[in-house]
Amino acid sequence: MKRQALLAILFAVVLLAALFVAGCAKAPQENAEGNELLKNLPPEKTNAEVIKIGHYGPLTGSVATFGQSAKNGIEMAFAEVNADGSLLGREVVVIYEDDGSKANQVQALVKKLINRDQVTAIIGELISSNTLEGAPLCQAAGVPMVTPTATNPCLLYTSDAADEE
């Protein structure tokens, strides 16, 4: 019973986080002309036909049930974004990578998402230890990463915000 309640709470948190991200930009824009946030992006990013978002998480392994719930929430959120006319005039495509609930898989997957898939942002792991593995790679590459559930306090010191304190 406790496991079902925990799973329901986790799913709700992941879904709310995904919907929050999706709800932040409802109005599509044709170009970066008047948008201050897009003026500093390189041309290859502003002219792309799609916006690629990466997600790495435990789709298999010991905590796969949580990873599958997160994936379902992400799919629902971006399906809504795309149905509402896309994001900044472009379709959002999510590239999923399964780390099998194992930290030793994370670095290779995050590097693939950044270098080969060239994602704009990453929705990170649910497990704090796996998030701690991927966060420095994202930060070094300048790719923003959010995590729906990782709670390790050390994550506060992996961001640029920690440098400003």
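## A tour of the chain, from contacts to cysteines

Of the contacts in the protein chain with a separation of 6 or more, 68% join residues 24 or more positions apart. The model is predicted, so keep a confidence colouring to hand as you go.

**Whole chain, cartoon.** Show the secondary structure. The protein chain holds six helices and four strands. Trace the chain along its sequence: the pattern reads α-α-β-α-β-α-β-α-β-α.

**Whole chain, surface.** Switch to the surface. The accessible surface of the protein chain is about 9,500 Å². Carbon and sulfur atoms own 57% of that area. Now colour by burial. Of the 165 residues in the protein chain, 38% are buried.

**Lys71 and Tyr96.** Select both side chains and look at the ring of Tyr96. What sits over this ring? The charged end of Lys71 does, 4.9 Å from the ring centre.

**Aromatic rings.** Next, select Phe, Tyr and Trp. How many aromatic pairs are there? The count is zero, with ring centres required to lie within 6.5 Å.

Is Cys138 buried or exposed? Cys138 is buried: its relative accessible area is 2%, under the 20% limit. Move on to Cys154. This residue is partly exposed, at 43% relative accessibility, because that class lies between the 20% and 50% limits.

Terms used:
Residues are numbered from 1 along each chain as its sequence is written. This is a predicted model: local features need pLDDT of at least 70, side-chain atom pairs count only at pLDDT 80 or more; totals for chains, interfaces and linings use all residues. Side-chain values use heavy atoms; hydrogens and water are left out. Rings of Phe, Tyr and Trp (its six-membered ring) pair if their centres lie within 6.5 Å; planes under 30 degrees apart count as stacked, over 60 as edge-to-face and the rest as tilted. A charge sits over a ring if NZ of Lys or CZ of Arg is within 6 Å of the ring centre and within 35 degrees of the ring normal. Helices (H or I, at least four residues) and strands (E, at least two) are DSSP runs, numbered from the N terminus. Buried means under 20% relative accessible area, exposed over 50%, partly exposed in between (1.4 Å probe, protein chains only). Contact means heavy atoms within 4.5 Å. Accessible areas come from the Shrake-Rupley method with a 1.4 Å probe; for residues, only the protein chains shown count as cover.
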